[in-house]
Amino acid sequence: MLIQPKVRGFICTTAHPVGCEKMVANQIDYVTAQGKITGPKNVLVIGASTGYGLASRIVAAFGAGANTIGVFYERESESEDRPASAGWYNAAAFEKMAHAAHYYAKSINGDAFSHEVKERTARLIERDLKQVDLVIYSLASPRRVHPDTGQIYSSVLKPVGQSFQGKTVDAMRGEVKEVVIEPASSEEIANTVAVMGGEDWEMWIDFLLQRGLLAEGASTVAYSYIGPAITFPIYKEGTIGKAKEHLKATADKLNQTLKPIHGHALLSVDKAVVTQASSAIPVVPLYISLLFKIMKEKGIHEGCIEQIYRLFNEHLYTATPKPRDADGCARLDDLEMRPDVQEAVMTLWPQVTTENLLQLTDILGYRETFYQLFGFHVPGVDYTVDIQPTVKIESLA
Ligand code: NAD
């Protein structure tokens with residue numbers, strides 16, 4: 001079949017296997033060109049199929065030569081006329097290339113919040129790797145079924161305390177508009193914390209520790225975001241920010257939990273990038289379009305892979321790690337938050353309208369990156385060729 005993008009709001013319901021494979025290959029090429037890292041040996045990545053988690057798996061394998069187990073929740077192609085999800089194709093491409101390079105790589109597709117997937121992962125580690133020395137926690141999900149109670153929590157992206165009025169963009173239509181978002185109820189805040197906070201991260205680490213699957217000195221890293229004041233009402237001080245506060249408190253708690261094995265838990269504060277998760281957040285796509293323009297002009301633009309390589313190489317696996325911030329977090333958003341970058345973004349922010357969107361922002365770059373998340377608009381891919389949408393992941397455990 002010929003696979004075309006089908007965009008509905010901020011998601012694309014189709015994905016292109018060849019385009020996704022090329023995007024994974026590009027990330028692998030980037031890491032290979034940077035050089036080897038003396039890093040972890042056995043790595044578990046939870047949320048390994050797209051965005052920051054996929055980049056983490058690529059850096060672990062192709063940068064540090066690590067064995068990797070990836071956990072994710074993706075849709076397989078069930079018929080000849082329905083493509084799989086982008087993450088499915090990414091994982092298939094990653095495994096193919098990892099195996100060709102003789103790296104151990106196995107994957108588990110299922111709900112990481114469930115006891116069942118934790119158990120399957122534990123059995124796989126026990127059998128193949130014995131222990132892991134790095135656990136990356138990179139889930140981004142709109143909902144969570146609590147494994148003990150069966151309760152379903154849905155997250156919301158809303159301000160807390162007061163309503164928010166501000167600019168946003170419909171990135172695909174190129175329309176800048178005002179949005180008013182009413183504050184979240186206390187139940188919505190609690191639900192968002194239940195989905196995107198640290199409870200599940202803690203469950204994973206407690207479980208792996210109890211089963212003896214964490215190596216002496218093992219580390220675990222989860223990803224966070226802070227961003228500029230302009231997005232505070234919807235991000236840092238909004239429902240998602242409350243979840244990230246909980247994630248930070250969990251990191252502190254896990255640092256105690258991991259003491260007996262001399263392990264560490266860390267939050268890495270990453271830069272705003274276009275991923276399936278971030279495109280769903282109001283205001284953020286407009287900010288990212290401005291940020292991309294400024295960072296590209298200054299020659300400091302980065303995606304997930306560049307930052308995760310830096311995380312491993314400059315923060316985690318080096319004799320001279322970069323300093324942590326006052327809260328003990330690694331700051332990979334250092335370039336985004338540079339005063340000259342933020343001043344340039346904030347100067348343009350009030351001026352942006354639908355009419356000057358193309359001139360003032362990198363909305364075209366935003367859109368291209370969005371399409372590329374799903375394997376479309378990837379240079380070097382011939383989209384007029386008939387494609388078989390059913391692709392196997394080689395080592396799905
Ligand atoms: P993403 O949407 O690209 O990736 C999410 C991953 O989680 C995918 O691998 C998906 O399969 C997996 N997943 C979702 N629900 C699952 C479930 N129930 N079970 C198993 N796997 C599941 O997201 P992302 O943007 O890379 O976000 C990852 C982390 O990075 C999040 O904590 C996010 O807040 C953080 N972060 C993102 C940005 C950004 O701008 N995108 C910036 C800084 C930090």
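This is a predicted model: local features need pLDDT of at least 70, side-chain atom pairs count only at pLDDT 80 or more; totals for chains, interfaces and linings use all residues.
**Entry 1: a charge and a ring**

Residues are numbered from 1 along each chain as its sequence is written, and side-chain values use heavy atoms, with hydrogens and water left out.

**Entry 2: helices α2 and α3**

I took helix α2 (residues 51-63) and helix α3 (residues 86-100) next; they pack at an angle of about 0°, with their axes 12 Å apart. Helices here are DSSP runs of H or I with at least four residues, strands are runs of E with at least two, and both are numbered from the N terminus. Axes are lines fitted to C-alpha atoms, for helices over the stretch in contact, and angles run from 0 to 180 degrees between N-to-C directions.

The angle makes α2 roughly parallel to α3. The cut-offs are under 35 degrees for roughly parallel, over 145 for roughly antiparallel, 65 to 115 for roughly perpendicular, and oblique for the rest.

I listed the residues in contact (heavy atoms within 4.5 Å). From α2 they are L54, R57, I58, A61 and F62, and from α3 they are N90, F94, E95, M97 and A98. I sorted them into 7 nonpolar, 1 polar and 2 charged. In this sorting Ala, Val, Leu, Ile, Met, Phe, Trp, Tyr, Cys and Pro are nonpolar, Asp, Glu, Lys and Arg are charged, and the others, Gly among them, are polar.

**Entry 3: aromatic pairs**

I found 10 aromatic pairs in the structure. Rings of Phe, Tyr and Trp (its six-membered ring) pair if their centres lie within 6.5 Å; planes under 30 degrees apart are stacked, over 60 edge-to-face, and the rest tilted.

One of the pairs is Y30 with Y309, which is edge-to-face at 6.5 Å centre to centre and 90° between the planes. Y30 is in helix α1 (residues 17-34) and Y309 in helix α9 (residues 304-316), so this pair links parts of the chain 279 residues apart. Y30 is partly exposed at 25% relative accessible area, while Y309 is buried at 6%. Buried means under 20%, exposed over 50%, and partly exposed in between (1.4 Å probe, protein chains only).

I then checked F62 and F94: their ring centres are 6.1 Å apart and their planes at 85°, so this pair is also edge-to-face. F62 lies in α2 and F94 in α3, so the pair ties together parts 32 residues apart in sequence. F62 is buried at 8%, and F94 is buried at 0%. With Y103, F62 and F94 form one aromatic cluster.

**Entry 4: A330**

Which residues does A330 touch, not counting those up to four places away in sequence? I found L266, L267, S268, V269, L311, H315 and R324. A330 lies in strand β13 (residues 330-331) and is buried at 0% relative accessibility. I also looked up S77, 253 residues from A330 along the chain; their C-alpha atoms are separated by 38 Å.

**Entry 5: positive phi**

I noted that H102 has a positive phi of about 65° although it is not a glycine. H102 is in the loop between α3 and β5 (105-109), and it is exposed at 74%.

I noted a positive phi for K130 too, near 70°, again in a residue other than glycine. K130 is in the loop between α4 (115-129) and β6 (132-137) and is exposed at 54%.
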